[in-house]
Amino acid sequence: RGLRWRIMLTNANVSASSQDHAPSVLACSRYIFLGWFANAITWFRLGDAYRAYIFTEDTGYSFSRTMGTVVAERVLDVVMIFILLFVASMAFYGLGDLGGVLLFLGVALLLVLVGVVGLLVMKKFGMRLSSVLPNRMKDSYYLFHQGALGSFGQLPVLLIVSLLTWFTEVGRLFFIIQALGLSVPVSFALVLFVTLANAILTTVPITPGGLGIVEPGIVGLLTLSLARSEAVSVVLLDRSISYLSI
């Protein structure tokens, strides 16, 4: 994730003809981790704005342009989540009764539409619409516009890094299930689907880090293959690692 954000920051600076040098991958990773911590203890995913704020305080970058790269990163994530969620759904359910899975696919599709349509509108009409803003806000919007749309240079590289990023998330749950030695094997398609459903639930900013929302949803999905007691064990261990460790 640190590598991906650094690439996006570099892309945004190139599109803005900026001479700022992006921090190292390790530094970008540290800012992302601090943003995750803020997300884990605040509502409405304020950690994303906090990450942009502390980054600009430390580096002197424009806050508006940096926030644009964070928004672009979120859009890239929801697109990748939807694609992988669809693949996992087809692999696990085929074309049969998708049942409650449609809820996750519907939420993911809604997030994709909001993000992608928002960027397309910004690209086509953003500069014209910004002309009605006060001068102070106009400058901020212009930098945000540069950050959000300029981040998508080297798109194939970003997609590959994003794919690897999400498979590290899948790997965590896969190894947790292996470590518990469950009585029934769990298919990789279900592990993939559960991980991405987890990401969808944490994206909806109802509680800090999805606390209290993610757990019942993931238990319900895991009971498609596991006994409820085993599903609860998996979720408690997974959330201990993914939430409490932050």
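## Terms and basis of the model

Helix axes are lines fitted to C-alpha atoms over the stretch in contact, and the angle between two axes runs from 0 to 180 degrees between N-to-C directions. The helices themselves (H or I, at least four residues) are DSSP runs, numbered from the N terminus.

This is a predicted model, in which local features need pLDDT of at least 70 and side-chain atom pairs count only at pLDDT 80 or more, while totals for chains, interfaces and linings use all residues. Residues are numbered from 1 along each chain as its sequence is written, and side-chain values use heavy atoms, with hydrogens and water left out.

## Helices H7 and H8

The axes of H7 and H8 lie 9 Å apart, and the two helices pack at an angle of about 120°. H7 and H8 are therefore oblique to each other, a class that takes the angles left over once those under 35 degrees are called roughly parallel, those over 145 roughly antiparallel and those from 65 to 115 roughly perpendicular.

On the H7 side, the residues in contact (heavy atoms within 4.5 Å) include Trp166, Phe167, Leu173 and Ile177, which meet a set in H8 that includes Phe188, Val191, Leu192 and Ala199.

## Helices H1 and H7

Helix H1 (residues 2–15) and helix H7 (residues 155–180) have axes that come within 10 Å and cross at roughly 160°, which makes H1 roughly antiparallel to H7. Leu3, Arg4, Ile7, Met8 and Asn11 of H1 make the contact with Val157, Leu158, Val161 and Ser162 of H7.

## The nonpolar cores

A nonpolar core is a set of buried Ala, Val, Leu, Ile, Met, Phe, Trp, Tyr and Cys residues joined through side-chain atoms within 4.5 Å. The largest has 35 residues, of which Leu85, Phe193, Ile218, Leu222 and Val234 touch the most other members. Two or more residues of this core come from each of helix H4 (63–93), helix H5 (101–130), H7, helix H8 (188–203), helix H9 (214–222) and helix H10 (228–244), and H8 gives the largest share, 10 residues.

Apart from this core lies another, of 19 residues, with Ala27, Met67, Val75 and Leu119 among them.

Terms used
Buried means under 20% relative accessible area, exposed over 50%, partly exposed in between (1.4 Å probe, protein chains only).
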